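Subject: Structure handover

Hello,

Please find the structure below, followed by notes on what was found in it.

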Amino acid sequence: MFSFARLLTTAFAVSTLVSALPAVDLAERDSGLEARKPKLAEIIKKCTKKNVVALTFNDGPSDVTDHIVQVLARFDAKATFFVHGHDGNIYNDDNADRLRKAYKAGHQIASKGFKNKDFTTQSASELKDDLDKLDDALKSIIGVVPRFVRPPKGHYNDKVREVIYKNGQKIVLWDINSGDADGLSTDESQKRYQQLADKKPKNALALNHEVSGTAFQVLPFALKALSEKKYKFVTVAECIGEKPYQ
């Protein structure tokens, strides 16, 4: 049977052993865990500058790219083109020339990946290759590598964000959709832009596609309706105050 003195001796020995153990810095532990988390690409859904509209066009270059550029010029407007590889046809003379004209006119050229395939269905290595292939094409044709990417259909997850972050790029979505790829008629798309003009938000980041209805009917209508509200038409990079290329 333990004596009281022996019990005290044992307790003292245990406390001495515990005090000899290295202290755990909880803040340091938590920061270490934070550092091990994968870094994810920023997602841009809205402009930050006031009184601006960033018009964006998906899926070029196409046979209406030149017309879009001409219409934009009539309103002294800048826009952003999210392009893909078109099965390698981005390199053909017509498409390369369309990209050069848009770039030289001051429009921003950005990425949808080379294959224009849902990013979430690709492995990390496949997506990396897909993004690099489009970056290489733009570097070859216009001499720049884009800082901004739009996932096809707007689909992304943490894997996608991690790959895009490592690629030095950011994700761009939208807060206004013209509906031109969702089956809306040109009249319905024009109505969406008129509603936008009537509401007059402080800014807008608008999704469009390079289709004939948008190029020949919706775009001129949108530019007229929004310019009457004194908006300035800028690129995505301008609307958030960042550089467009790496």
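The largest pocket holds about 230 Å³ of space. On a 1 Å grid over the protein atoms alone, a pocket is an open set of points with protein on both sides within 12 Å along at least five of seven lines, while a cavity is a set of points where a 1.4 Å probe fits but cannot get out; lining residues have an atom within 4 Å of a point. Grid points are joined across faces, edges and corners, and a volume is the space filled by probe spheres set on the points.

This is a predicted model, in which local features need pLDDT of at least 70 and side-chain atom pairs count only at pLDDT 80 or more, while totals for chains, interfaces and linings use all residues. Residues are numbered from 1 along each chain as its sequence is written, and side-chain values use heavy atoms, with hydrogens and water left out.

The lining of the largest pocket has 14 residues, and Asn58, Lys112, Pro152, Lys153 and His209 lie nearest the centre. Strand 2 (52–60) and strand 8 (203–209) are the elements that give two or more residues to this lining. Helices (H or I, at least four residues) and strands (E, at least two) are DSSP runs, numbered from the N terminus. By class, the lining divides into five nonpolar, five polar and four charged residues. Ala, Val, Leu, Ile, Met, Phe, Trp, Tyr, Cys and Pro count as nonpolar, Asp, Glu, Lys and Arg as charged, and the others, Gly among them, as polar.

The second largest pocket has a volume of about 170 Å³. Helix 7 (186–199) supplies at least two residues of its lining, as does strand 7 (176–177); the largest share, four residues, is that of helix 7. Five charged residues line this pocket, with three nonpolar and three polar ones.

There is one cavity of 30 Å³ or more. Residues lining the largest cavity include Phe81, Arg98, Leu99 and Glu210. Helix 4 gives the largest share of that lining, three residues.

Helix 4 (residues 93–104) also meets helix 5 (residues 124–142): their axes come within 10 Å and cross at roughly 75°. Axes are lines fitted to C-alpha atoms, for helices over the stretch in contact, and angles run from 0 to 180 degrees between N-to-C directions. Helix 4 is therefore roughly perpendicular to helix 5 (65 to 115 degrees). The contact (heavy atoms within 4.5 Å) is made by Ala96, Leu99, Arg100 and Tyr103 of helix 4 and Leu138, Ile141 and Ile142 of helix 5.

Regards

How values were computed: Parallel < 35°, antiparallel > 145°, perpendicular 65-115°, else oblique.
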